[in-house]
Each structure stands twice: as structure tokens, then as C-alpha cells.
Amino acid sequence: MVAGGAPAQGGQSSAVQEEKKPEKTNFDVKLEKFDAASKIKVIKEIRSFTTLGLKEAKELVEKLPAVLKAGVAKEEADQIVDKLKAVGATCVLE
């Protein structure tokens with residue numbers, strides 16, 4: 001009987017641990033693709049929220065998919081994604 005009770009308790013504790021996973025607070029903004037006609041707008045927008053120069057931003061855009069900003073708060077990440085979508089880019093949060 002004792003052996004039968006131990007696995008049942010172990011199964012319950014693992015289920016409780018899965019439910020208590022902390023909500024993700026830091027996200028990476030990843031540029032997936034963009035319209036070719038809006039490449040310049042995308043580069044300008046990337047430069048507005050990063051410290052990259054023109055050359056670095058252009059190189060980043062040309063080697064997609066690329067992480068634009070890592071470890072940002074959800075609110076800031078959502079704002080970045082919205083701005084990039086407005087100029088014709090496709091972004092995801094990871």
C-alpha cells in the first residue's frame with residue numbers, strides 16, 4: 001500500500017508545479033519579414049528604438065530573421081511590434 005500511495009503524490013506535485021510556472025515578463029522582438037517597398041521605413045523605425053547606426057540597421061534588416069531587441073518588457077515589446085507593423089514589417093515576440 002505504501003508503494004502505491006507514493007506515485008500518486010508524485011503525480012500531483014508535478015501537476016501543481018506546471019500550474020505555478022511564472023508568466024513570462026521579458027520578451028525578444030524578432031523581425032521575420034517586411035515588404036520590399038518599405039525597407040527604408042523599417043530601417044528608420046529600427047534605428048528609432050535601438051542604438052544602431054544606419055549601416056548596422058541595414059545589415060540587420062538584410063539578414064532575416066533577426067532579433068531586434070532582447071529582454072524587453074511586454075508593454076515596450078508590444079509598442080515596438082505595433083510600430084513595425086505600421087511600416088509593413090512582420091514581427092513576433094519570443
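Lys74 sits over the face of Phe27, 5.3 Å from the ring centre, where a charge counts as over a ring if NZ of Lys or CZ of Arg is within 6 Å of the ring centre and within 35 degrees of the ring normal. This is a predicted model, in which local features need pLDDT of at least 70 and side-chain atom pairs count only at pLDDT 80 or more, while totals for chains, interfaces and linings use all residues. Residues are numbered from 1 along each chain as its sequence is written, and side-chain values use heavy atoms, with hydrogens and water left out.

**Fold**
- The protein contains 4 helices and 3 strands, taken as DSSP runs (H or I of at least four residues for helices, E of at least two for strands) and numbered from the N terminus.
- Along the sequence these elements follow the pattern α-β-α-α-β-α-β.

**Core**
- Apart from neighbours within four places in sequence, Leu84 is in contact (heavy atoms within 4.5 Å) with Val42, Glu45, Ile46, Phe49, Leu68, Ala89 and Cys91.

**Burial**
- Of the 94 residues in the protein, 27% are buried, meaning under 20% relative accessible area with a 1.4 Å probe, protein chains only.

How values were computed
Buried means under 20% relative accessible area, exposed over 50%, partly exposed in between (1.4 Å probe, protein chains only).
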